[in-house]
Amino acid sequence: MQKRVINFGITGCGLMGREFGSAVARWCHLLDQDVMPRIVGVCDSNPAMLDWFTENFESVQIVTQDYHDLLNSDAIEAIYCAVPHNLHERLYVDIIEAGKHLLGEKPFGIDMAANERIMAAVQSHPDVLVRCSSEFPFYPGAQQLLRFIREERFGKIIEVQAGFLHSSDLDPSKPINWKRRVATNGEYGCMGDLGMHVFHIPLRAGWFPRNVRALLSKIVTERPGPGGHMEACETWDNAILACEVQNDAQHFPMLLETKRIAPGEMNTWYLRILGTAFSAEFSTRFPKTLRTLPYTPGSAQAWHALDLGSESAYATITGSIFESGLSDSIMQMWAAFCDELAHRDAMRQPFYCATPREAAQSHRIMTAALLSNQDGAVIELMNMNK
Ligand SMILES: NC(=O)c1ccc[n+]([C@@H]2O[C@H](COP(=O)([O-])OP(=O)(O)OC[C@H]3O[C@@H](n4cnc5c(N)ncnc54)[C@H](O)[C@@H]3O)[C@@H](O)[C@H]2O)c1
């Protein structure tokens with residue numbers, strides 16, 4: 001099949017920049033693709049981060065510490081930007097204004113004001129495709145939950161629970177990094193870091209909350225800095241958000257949690273939807289298992305556990321009985337971005353990447369949560385679904 005090649009530049013060649021590189025390197029894993037990303041330029045302010053790319057990708061032509069070199073290149077059509085949160089505003093705005101398509105990392109701005117300036121750039125460049133990174137909905141179990149939501153299987157929704165859980169910060173000897181500092185990660189703390197993962201499917205389902213009440217905690221207050229001296233950890237470790245969702249069809253509580261310190265949990269994403277006719281849950285802790293509970297009045301209430309195969313949004317060479325993992329979901333997200341870039345409204349499957357509007361909605365939730373925690377109050381949110 002003739003493939004449309006999309007030439008990419010990467011700005012921020014750290015943890016996530018490399019994950020994109022790895023997805024590009026094994027693009028042949030995807031079947032029936034008529035698009036193919038190619039990494040043409042790489043940029044990182046730390047030159048040591050660039051070697052892995054130049055060693056592994058013969059396609060790289062531009063190697064730079066200044067992202068403007070990527071924006072000024074006619075060879076580059078799209079940018080993946082994965083830098084600390086304090087840089088999102090300046091870099092995303094510059095990328096969009098340069099007319100480059102953008103997959104930007106969450107949270108799309110360090111705070112609401114930064115997000116609003118990114119949104120203004122998005123709105124004044126409607127031809128530029130801008131999407132926010134969020135890969136967990138591409139796990140096969142999450143795709144199945146999305147199908148159940150589309151099919152309105154749940155009856156009256158009783159409650160929705162969603163969360164993202166880490167535990168490595170339980171270790172007080174873990175060195176401080178940019179995510180523990182307000183200047184680089186933002187006031188949102190663990191919410192800015194993990195929130196988009198949790199909000200993505202609820203927002204896509206139309207469950208933007210009408211109000212938020214939040215409890216935020218700081219647990220480990222200092223960590224070893226670069227010189228071995230203890231430095232203050234400024235950001236929230238854990239957040240619990242109790243929200244009320246009300247739309248035309250449904251009215252239910254939604255509990256959202258983003259935690260850096262959830263003992264024993266390592267990158268656990270979960271979504272549980274409980275309804276009067278059907279309940280379903282999926283967690284990356286048990287990546288092969290989808291749990292469902294169909295119910296008709298008077299019948300037994302029994303959870304069913306189904307072993308999932310590897311089938312996600314786009315077909316792959318992986319045998320359908322094999323299991324899926326994080327790198328697979330990242331590659332599926334990239335397939336969705338490239339598919340949408342090439343085909344726009346005629347994507348080859350229905351689930352597109354998180355939109356700037358969904359990122360903006362996540363900022364409203366997180367800003368309300370900060371206020372709620374500060375004042376011990378319920379914060380009303382204007383309904384952005386309309
Ligand atoms: N989608 C996910 O699952 C996921 C996971 C982790 C992080 N993230 C997000 O990805 C982004 C980056 O996080 P990370 O974990 O990859 O961080 P990282 O620290 O591993 O990488 C960031 C890179 O940006 C570089 N950088 C800093 N300033 C720069 C500049 N001015 N120009 C070019 N490069 C610059 C740094 O040198 C570093 O190599 C953040 O927005 C974060 O929230 C997403």
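Two residues are in contact if their C-beta atoms, placed from the backbone, lie within 7 Å. With that in hand, here are some views of this predicted model.

**Figure 1. The whole chain, before we zoom in.** Of the contacts in the chain with a separation of 6 or more, 68% are between residues 24 or more positions apart. The chain has 10 helices and 17 strands. Its radius of gyration is 21 Å, close to the 21 Å that the globule rule gives for 386 residues, so the chain is as compact as a globular protein of that length. Along the principal axes, the C-alpha atoms fill a box of roughly 65 × 55 × 40 Å. Of the 386 residues, 45% count as buried.

Figure 2. Helix H5 covers residues 112-124. Look for Ala114, Asn115, Ile118, Met119 and Val122, which are buried. Seen down the axis of H5, the buried residues fall within an arc of 140°, so they line one face of the helix. Turned away from that buried side is a face with the exposed residues Ala113, Ala120, Gln123 and Ser124. The cover over the buried residues of H5 includes helix H4 (88-97), strand S6 (130-132) and helix H10 (356-375).

**Figure 3. The loop leading from strand S5 to H5.** Most residues other than glycine have a negative phi, and most peptide bonds are trans. Here, Lys106 and Pro107 are joined by a cis peptide bond, with omega about 5°. Pro107 sits in the loop between strand S5 (101-104) and H5, and Phe108 is also found in the loop between S5 and H5. Phe108 has a positive phi, near 70°. Phe108 has 28 other C-beta atoms within 10 Å; because 20 or more make a residue buried, Phe108 is buried.

Figure 4. Glu152 lies between helix H6 (140-150) and strand S7 (157-165). This residue, which is not a glycine, has a positive phi near 50°. Glu152 counts as partly exposed, with 13 C-beta neighbours inside 10 Å.

**Figure 5. The residues around the ligand.** The ligand has 22 residues around it, and those that come nearest are Gly12, Gly14, Leu15, Met16 and Glu105. Sorted by class, the shell holds 10 nonpolar, 7 polar and 5 charged residues.

Notes
Residues are numbered from 1 along each chain as its sequence is written. This is a predicted model: local features need pLDDT of at least 70, side-chain atom pairs count only at pLDDT 80 or more; totals for chains, interfaces and linings use all residues. Helices (H or I, at least four residues) and strands (E, at least two) are DSSP runs, numbered from the N terminus. The expected span of a helix is 1.5 Å times one less than its number of residues. A residue is buried if 20 or more other C-beta atoms lie within 10 Å of its own, exposed if 12 or fewer, and partly exposed in between; C-beta atoms are placed from the backbone. The arc is that of the directions from the helix axis to the C-beta atoms. A residue is near a molecule or strand if its C-beta atom, placed from the backbone, lies within 6 Å of it. Ala, Val, Leu, Ile, Met, Phe, Trp, Tyr, Cys and Pro count as nonpolar, Asp, Glu, Lys and Arg as charged, and the others, Gly among them, as polar. The radius of gyration is taken over C-alpha atoms; the globule rule is 2.2 Å times the number of residues to the power 0.38.
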